[in-house]
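Morning, everyone. I have one structure to go through today, and I will start with how its chains meet.

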Amino acid sequence: MTTVLDRDLSQAVADAVDESIDEVFGMMAGHPAEQVSLHLLPATEKHMADKHPLTVTLSLSGDLQGIIGLCLSGEAARQWTADIIGEAADDINQDVIDAAGELGNLIVGGAKRRLAPHDLKMGLPSVILAGREAFVFPRRVHPIYVSYRYAETSFDVIIALAPQG
Amino acid sequence: MKVLIVDDSGVMRKIIARGLHSLWIDEVVEAADGVEGLQAFGDGSSIDLILTDWNMPNMNGLELVQKIRGAGHKHPIVMVTTESEKTQVVKAIQAGVNDYLVKPFDQEMLQMKLQRVLPNPQTA
């Protein structure tokens, strides 16, 4: 039985997330998000989101199970908020938190749509105000770690999914 | 013209309201779920259009549409959601939505949807 995503499926998931990010930022923010790097993390290596004080996670269940996480720098979260609601925030306030949650919702929703042959159910976004929140995964999960640049700011995406079963 | 926006995301309600303002629609009532939406809708006499999300706590958008249509109201309703599978769209249309807007969307798409359900939003 396969316990990790095969290479083709990993690429398909990463592509679906990337296309979704492209669509979300292009349509709603007016600034594109440009992919800077993509790589697989060793399964047991911690990815410390130490430069990112705001973390959004969404769970997926169904054919693929796990989470997709966004680690946003404070600047990226505030930039996104200002771009979509037209109001600048000096700090990470409730609008910024809501906007980050919505960003996760839109990105993962778009990825789910692109992975339509797979039966996937999406959970609600959780926003964690913990810059040093560690991402750790069971051995069977091989996370994909993607970095983006967005209007002079940055954010990371962590795709940690495993097939059902 | 008064528009009821039902979405559990405060930010999404702001985005939609911003889009409506750009179409000269300034009267907006906001609700965070179907229960609040139904309360804000009341007897429907002061609402001209409903824009509702699908996935919300307490009462989802589909249930809200079913309740409004079940009470015999003919108000135009647009479902604004990330749900885009054909079966979901069909389910929403069967429940009585007039149109369907998939998130993410830009202002042009929002305007196009409003023009479909309203004769002329700029002059309403």
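Two residues are counted as in contact here if their C-beta atoms, placed from the backbone, lie within 7 Å. This is a predicted model, so read everything that follows as computed from it.

With that cut-off, 17 residues of chain A are in contact with 14 residues of chain B. On the chain A side, α1 (7–29), α2 (74–85) and α3 (94–114) each supply at least two residues. The most comes from α3(A), with 9 residues. By class, the side of chain A that touches chain B divides into 8 nonpolar, 4 polar and 5 charged residues.

How do α3(A) and α1(B) lie relative to each other? The axes of α3(A) and of helix α1 of chain B, residues 10–22, are 8 Å apart, and the helices pack at an angle of about 90 degrees. Angles of 65 to 115 degrees count as roughly perpendicular, and the two helices are therefore placed in that class. The residues that meet are A:D95, A:D98, A:A99 and A:E102 from α3(A), and B:G10, B:V11 and B:M12 from α1(B). That contact has 3 nonpolar, 1 polar and 3 charged residues.

Next, chain A by itself. Chain A has 3 helices and 9 strands, and along the sequence they run α-β-β-β-β-α-α-β-β-β-β-β. Of its 165 residues, 43% count as buried. Among contacts in chain A between residues at least 6 apart in sequence, 69% join residues at least 24 apart.

On to the core. In soluble globular proteins, nonpolar side chains tend to be buried together. The largest nonpolar core in this model has 79 residues. Those with the most contacts inside that core are A:V17, A:A100, A:L103, A:I107 and A:I159. Again α3(A) comes up: its 9 residues are the largest share of the core. Take A:A100 as an example. Leaving out residues up to four places away in sequence, A:A100 touches A:L54, A:V56, A:L72, A:A77 and A:V127.

Last, α1(A). An α-helix has 3.6 residues a turn, so residues three or four places apart point the same way. After α1(A) comes A:G30, which has a positive phi, near 80 degrees.

That is all I have.

Methods. Residues numbered from 1 in each chain as written. Chains lettered and ligands numbered in written order. Predicted model: local features only at pLDDT ≥ 70, side-chain atom pairs only at ≥ 80, totals over all residues. Helix = DSSP H or I, 4+ residues; strand = E, 2+ residues; numbered from the N terminus. Nonpolar A, V, L, I, M, F, W, Y, C, P; charged D, E, K, R; others polar. Buried ≥ 20, exposed ≤ 12 C-beta atoms within 10 Å, placed from the backbone. Core = buried A, V, L, I, M, F, W, Y, C linked by C-beta atoms within 7 Å. Axes fitted to C-alpha atoms, helices over the stretch in contact; angles between N-to-C directions. Parallel < 35°, antiparallel > 145°, perpendicular 65-115°, else oblique.
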